[in-house]
Amino acid sequence: MDILNILLSESFWAASLRIATPLIFGVLGALLCERAGVLNLGIEGIFVVGAMCGWLAVWLGAGLWGGVLVAALAGAFFGLLHAILTVPLGLSQHVSGLGITLFATSVSYFSYRTALPNVSSPPRIEPFQPLDFPVLADLPFFGTVLFQQTALTWLALFMVVAVWYVMNRTALGIAIQAVGDNPDSVEAQGLSVFALRIGAVTAGSSLMALGGAFLTMSAFDAFFFGMVNGRGWVCIALVIFASWRPGKALLGALLFGAFDALQVRLQTQMGAAVPGQVFLMAPYILSIVALVIAARSADYPRALLTPWFKGQR
Amino acid sequence: MSNIVLSLNGLSKKFGSVVANADVSLTLERGEVLALLGENGAGKTTLMNMLFGHYLPDSGTIDVADANGQLCPLQLGHPLAALSAGIGMVHQHFTLAENINALDNITLGAEPLLAVRRSTRLARSKIDRIIEKSGLKAPLSTPVGRLSVGERQRVEILKALYRDANILVLDEPTAVLTPQEADTLFENIKAMTKDGISVIFISHKLHEVLAFSDRIAVLRHGVKVGEMATSQADEKAIARMMVGAESPKVERTKIATGDPVLQLKNISVAGRSKRDSLEFVSLEVHAHEILGIAGISGNGQGALAQVVSGLMTLSEGTIQVGGKEITKPAPQAMISAGVGRIPEDRHREGIIGAMTVAENMVIERLEDSDIQSRGLLRPDAIEAYARILEHSYDVRGPGVTAAARLLSGGNIQKLILARVFERAPKVILASQPTRGLDMGAAAEVGRRLLEARERGAGVLLISEDLDEILGLADRIMIIRDGQLVETKSHDREAIGLMMAGEAA
Ligand SMILES: Nc1ncnc2c1ncn2[C@@H]1O[C@H](COP(=O)(O)OP(=O)(O)OP(=O)(O)O)[C@@H](O)[C@H]1O
Ligand SMILES: [Mg+2]
């Protein structure tokens, strides 16, 4: 009965979409990298960088959108680093990615401490406010769920469409798909395997950083240590669930968001009887289950994880 | 204005210690068809890959005629430079992305990458025109991964034609085409040369070479050993130049057949499309017998091969190997029951490219005690064993400890032959076993299959090459639309008609 009540409430769905937003950015970013054939385990660290840089820029006086831009650029920088290590140099994508995560996370914490050596409670910024849609916001159900979200959530939804469009309707997207399947197909047509892969990884990484920026600039209004809390890793799983398709990526992120929102509500309702950690685990367990079901039919980009070098068979 | 459109000057290329090309020079005239011949591993593909910019030569230069007919040096190592100089290439190992469709593969790189909108209408009508002119039909909107090998070959050719090349390089373009398709292709190429297009093609099929080329150049061990006008060449002269000797003709003896070793009874499988389905197929292969399955590609051969390899689930019917029923057909079950498998797509299903030649040679007998002891592989023993096989099957390349993908196409096939024949299997499934092999190597496959037959194996030979079937098979069945019919006739003409579906 309780669950039904929760599932029917507007606030539950609004929260699901809010929780899903950083994941949408993250999955789209991971999707872009992997479609080009490069696994980017730097995602967790890039989330932290995005969260920290976006917030810091605003705190230092930039506008909110200025902060978003700074976050995207910071993400692109670490993406470029990962791309250079794994594409022309052909290093292990796992090792480089984990290295980027460790590096990016510590650099972020370090910069935070350097910028704010003496604060005990993190300073706050004025975050993105829910967009004010005059009539739409008063619609019965969708009013709350859709039309009282912040601009970054709308940006995430727009990105789903944009990434889908680029991947399926433009020559660039098709070339990215091709380079992730068989790099030779791209080279034989006179395109540069390296340029496509580096470009896709860099662009994908800046999307990931936006996921982080959402945390400090929309969901909360400050930067904490450990605030990313595994969201990047969730995206790596979700992209398989999504079978590398933007539409399904949105679905996967929403599903996880819904699990998470549900978990919080159940926790408050039944908190006394069951330890809270059980509920905290629930979204992860459910995503593993969903992944197991979906991964069987997922079509991996064939060249994922395989470095390509000119003149080699 | 000279008539020369392309000149390769002293190209050399080494891979580690393997000399793939040594100081090769070649010229090509406007409107000329040059056939490039040589054994497997002679360096033909390497030479063309240098021309197209895939490989950077160790030394040497390339000149290409510009619009005014002036020879200008070509920037080496850049496919884009080759494409803009009007060079088009059909690769031996298809360079197709399987997750996108044929149309996208063809237009990839030919349209502006950063355009916001993409219109495929013009491209589609241009491709349709090319298809109409060339007779090379392929479904344009299906992901390439779902196309048959023949269709992929056609897409690969369409890709080069789409770029309006005026120097066309074709690396074994007809290896997987039917004879009719091959003829149409070459007639088209002939017609294109009238418009001033020049062609270099590589083929192991001498009749094609004699019928359609103007000039022949021969490579042996990476060195150009000769050149002649086709009008002055015959098969014997070419063979002598290629291998330094004439290859012996295979002799087949009469033997009485033994008990059935492979029996398929009323097998039906439902594939993704009609062409990889089978309908109530029954056949028997006996010991001391080669059963030839003739047919135009895409009539169920793939499904039949997959059934015998244990790769496909049967919807109906039974399989027996050596009289014992295989209840759960799976690759391992078939291998241990005594089936040896020479797959059609040797790169994808025949080898694991990233593993060494030696590992690939022992991969189907890992349980044997000379390969492993107590679950640990014995690398030295494996290597020693591989060296013996390398020698006796004449596998040429960078050695048994190199990755198998580095071998040339023909040598990959020899590796597979070595693996299969050394296990002395009861049943040998040979799908298109001589596709892409040079004359010597093809004769060798024939000899090995006959040897296995003599030893008492039963061979299921699936081939589109009617001459191969007529030369080797004791009995012939024809596959069409997923159904098998036996024919008593050994007459080329009659079988050809039955393959095409006319009563004979
Ligand atoms: N990228 C590479 N790395 C290492 N060795 C290579 C590479 N490419 C070719 N080789 C070696 O160079 C030699 C020539 O190979 P190539 O593919 O040019 O032969 P080919 O004449 O085209 O043979 P086939 O008729 O079998 O296709 C072979 O020994 C092959 O193993
Ligand atoms: Mg070759």
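Which residue forms a salt bridge with B:Asp104? I started there, keeping in mind that this is a predicted model.

**Entry 1: salt bridges in chain B**

I found that the partner is B:Arg118, with the closest N and O atoms 2.7 Å apart. The pair links distant parts of the chain: B:Asp104 sits in helix 3 (residues 102-107), while B:Arg118 belongs to the loop between helix 3 and helix 4 (121-134), 14 residues apart. I checked burial too, and both B:Asp104 and B:Arg118 are buried.

Next I looked up B:Asp164, whose side chain meets that of B:Lys126 in a salt bridge at 3.1 Å, N to O. B:Asp164 is in the loop between helix 5 (149-162) and strand 7 (167-171) of chain B, and B:Lys126 is in helix 4 of chain B, 38 residues apart. I noted B:Asp164 as exposed because its relative accessible area is 52%, over the 50% cut-off. B:Lys126 is partly exposed, at 22%.

B:Glu289 counts as buried, at 4% relative accessibility.

Over all chains, the search gave me 33 salt bridges.

**Entry 2: around ligand 1**

How many residues surround ligand 1? I get 25, and the closest are A:Arg313, B:Gly41, B:Lys44, B:Thr45 and B:Thr46. Residues from chains A and B surround the ligand, so I call the site shared between chains.

I then listed some oxygen atoms of ligand 1 with polar side-chain neighbours. The distance is 2.8 Å to an N or O atom in the side chain of B:Lys44 and 2.6 Å to one in the side chain of B:Thr45. B:Gln92 places a polar side-chain atom 2.8 Å from a ligand oxygen. Taken alone, ligand 1 exposes 640 Å², and the protein buries 96% of that.

Helix 1 of chain B gives the largest share of the shell, three residues. By type, I sorted the shell into eight nonpolar, 13 polar and four charged residues.

**Entry 3: a surface patch on chain A**

Last, I looked at a nonpolar surface patch formed by A:Ile3, A:Leu7, A:Trp13, A:Leu136, A:Leu139, A:Phe141 and A:Phe142, with about 570 Å² of accessible area together. I placed A:Phe141 in the loop between helix 5 (93-115) and helix 6 (142-145) of chain A. A:Phe141 counts as partly exposed, at 32% relative accessibility.

Conventions:
Residues numbered from 1 in each chain as written. Chains lettered and ligands numbered in written order. Predicted model: local features only at pLDDT ≥ 70, side-chain atom pairs only at ≥ 80, totals over all residues. Heavy atoms only, no water. Patch = residues over 30% accessible without salt bridge, like charges linked within 9 Å, V, L, I, M, F, W, Y side chains within 5 Å. Areas by Shrake-Rupley, 256 points an atom, 1.4 Å probe, with all protein chains shown as cover. Salt bridge = Lys/Arg side-chain N within 4 Å of Asp/Glu carboxyl O. Helix = DSSP H or I, 4+ residues; strand = E, 2+ residues; numbered from the N terminus. Buried < 20%, exposed > 50% of the residue type's maximum accessible area, 1.4 Å probe, protein only. Near = heavy atom within 4 Å. Polar contact = N/O pair within 3.5 Å; in protein donor to acceptor, adjacent residues only side chain to side chain. Nonpolar A, V, L, I, M, F, W, Y, C, P; charged D, E, K, R; others polar.
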